[in-house]
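Subject: A structure for you to look at

Hi there,

Here is the structure I promised to pass on. Please open it alongside this note, and I will walk you through what turned up.

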Amino acid sequence: MIYFFLISVVLLLAALTANLFIKRAPKTMAVLVAGFAALTAVSLAGLLFVRLAGDGAEFIHPWAFVLLVIPFAVFLAQTVFRGAFARRVAYPMTHLMVEQSSLRVLFTRWLPVTLYTAALMLMVIALARPVRVDRTVLPPTEGIDIILLMDVSASMQKQDFYPNRFVAAQSTASRFISKRLNDRIGLVAFAKEAMLQAPLTLDHEALQEYLSTLYLGVVDANYTAIGDALGVAANHLKDSKAKSKIIILLTDGDSNAGTIAPLLAAKAAAAYGIRVYTVGTASAPGDGLYSSAEDEINEGLMMEIADATGGKFYRAKNEAELAKIYDTINELEKTEFAPSSTVNRSDYYQPFLLMALVLALAAFVLEKLFFIKVP
């Protein structure tokens with residue numbers, strides 16, 4: 001629409017420029033200027049409608065714009081060819097009359113026909129039926145349900161990740177959530193105890209808020225209960241009707257607390273058809289200033305949990321590797337569904353039609369009561 005408006009403005013400026021130099025056909029030039037001015041006015045109205053209505057603005061019957069030739073023909077008939085159809089009355093000594101070009105004479109000659117032409121143009125726009133379209137994308141009936149297990153124990157504050165392990169885990173989990181628009185995702189925080197921070201939801205904005213407000217020490221941070229965390233997540237997922245159910249377990253240590261053994265919880269999750277991806281977040285021993293002298297992660301346990309459920313184990317030694325792991329899981333667990341949407345259309349033809357009727361009525365009243373023409 002913006003290009004259509006710019007083209008019409010260029011044509012109008014070209015016609016006005018040509019009118020300054022071409023004096024032999026003043027009526028033809030006047031018609032061209034009027035036509036391009038009308039085209040500019042119509043394109044401006046369409047541009048304003050699109051801007052006000054937003055990206056969802058469209059016309060149901062765009063073919064109706066072809067009818068714009070009607071107001072143009074009316075204007076042409078009233079200006080160039082009016083003398084061919086009007087009856088003439090001969091007055092004596094008309095050659096002695098002085099041509100008057102007062103403001104009233106100009107209004108009498110041009111205002112009614114201009115208003116009629118504008119009314120017809122607005123009627124054509126109303127006939128094209130401008131609408132605003134609001135499309136709502138419906139979530140899939142069957143997708144993937146995902147529970148994120150976030151370790152919030154005290155060791156997650158170590159700075160072998162930038163700025164520390166916990167913040168790096170938060171930011172990568174947030175990016176992962178932003179890429180899973182059509183999946184239900186929940187959040188469990190665990191250290192000595194496991195706590196369901198956010199249930200499975202499609203409201204990812206609220207989920208991101210829960211994730212951002214998570215902090216170290218939200219539960220007793222002195223121990224790590226991996227088995228209890230898996231149990232809480234599996235209990236929340238077991239009744240899910242989703243075609244795929246997964247848990248992403250992120251931790252930087254070994255299981256040293258809780259009432260449920262991690263492998264027992266993993267087997268229970270596998271019985272419900274839940275896959276567990278385990279992610280270890282700690283640099284290798286001696287890799288950096290903040291790394292431990294010995295490996296903090298029980299890789300054997302992490303692999304056993306993943307193997308028991310059909311998942312995979314990943315080891316992240318820095319924040320870049322952690323982000324890559326989440327991207328890998330995102331690629332492995334794809335949600336395939338036929339997109340569907342609901343469409344709501346709101347009509348906007350009424351203002352154009354009302355303006356057309358007002359202009360037509362104003363032109364009729366002015367022509368019959370104020371700007372009366374004598375033959």
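The crossing of α6 and α11 is right-handed, where right-handed means that the near helix is turned clockwise from the far one by less than a right angle, and left-handed that it is turned anticlockwise. Helices (H or I, at least four residues) and strands (E, at least two) are DSSP runs, numbered from the N terminus. Do keep in mind that this is a predicted model, in which local features need pLDDT of at least 70 and side-chain atom pairs count only at pLDDT 80 or more, while totals for chains, interfaces and linings use all residues. Residues are numbered from 1 along each chain as its sequence is written, and side-chain values use heavy atoms, with hydrogens and water left out.

Back to that helix pair. Helix α6 covers residues 165–179 and helix α11 residues 319–332; their axes are 10 Å apart and meet at an angle of about 25 degrees. Axes here are lines fitted to C-alpha atoms, for helices over the stretch in contact, with angles from 0 to 180 degrees between N-to-C directions. The two helices are therefore roughly parallel (under 35 degrees; over 145 is roughly antiparallel, 65 to 115 roughly perpendicular and the rest oblique). On the α6 side, the contact uses A168, A169, T172, A173, R175, F176 and K179, which meet E319, L322, A323, Y326, D327, I329 and N330 of α11; contact means heavy atoms within 4.5 Å. By type, these residues are eight nonpolar, two polar and four charged (nonpolar: Ala, Val, Leu, Ile, Met, Phe, Trp, Tyr, Cys and Pro; charged: Asp, Glu, Lys and Arg; polar: the others, Gly among them).

Helix α6 also holds R165. Is R165 buried or exposed? With a relative accessible area of 1%, R165 is buried (under 20%; exposed is over 50% and partly exposed in between, with a 1.4 Å probe and protein chains only). Leaving out residues up to four places away in sequence, R165 touches S155, M156, K158, D160, D252, T281, A282, S283 and E296.

Helix α8 (residues 226–237) packs with helix α9 (residues 262–271) at about 15 degrees, the axes being 8 Å apart. That makes this pair roughly parallel too. The crossing of α8 and α9 is left-handed. I226, G227, L230, G231 and A234 of α8 make the contact with P262, A265, A266 and A269 of α9, and these residues divide into seven nonpolar, two polar and no charged.

Now for the sheet. Six strands form an open, mixed sheet in the order β5-β4-β3-β6-β7-β8, where two strands pair if DSSP finds at least two bridges between them. β5 (194–201) and β8 (313–316) are the edge strands, each pairing on one side only. From one strand to the next, the twist averages 15 degrees. Strands β3 (residues 144–151) and β6 (residues 244–251) pair in the parallel sense over seven bridges, and D145 has K245 as its bridge partner in β6. β7 and β8 also run parallel, joined by four bridges, with T281 partnered by A316 of β8.

Helix α10 (residues 299–309) lies across β6, β7 (274–281) and β8, running at about 160 degrees to β7.

Best wishes
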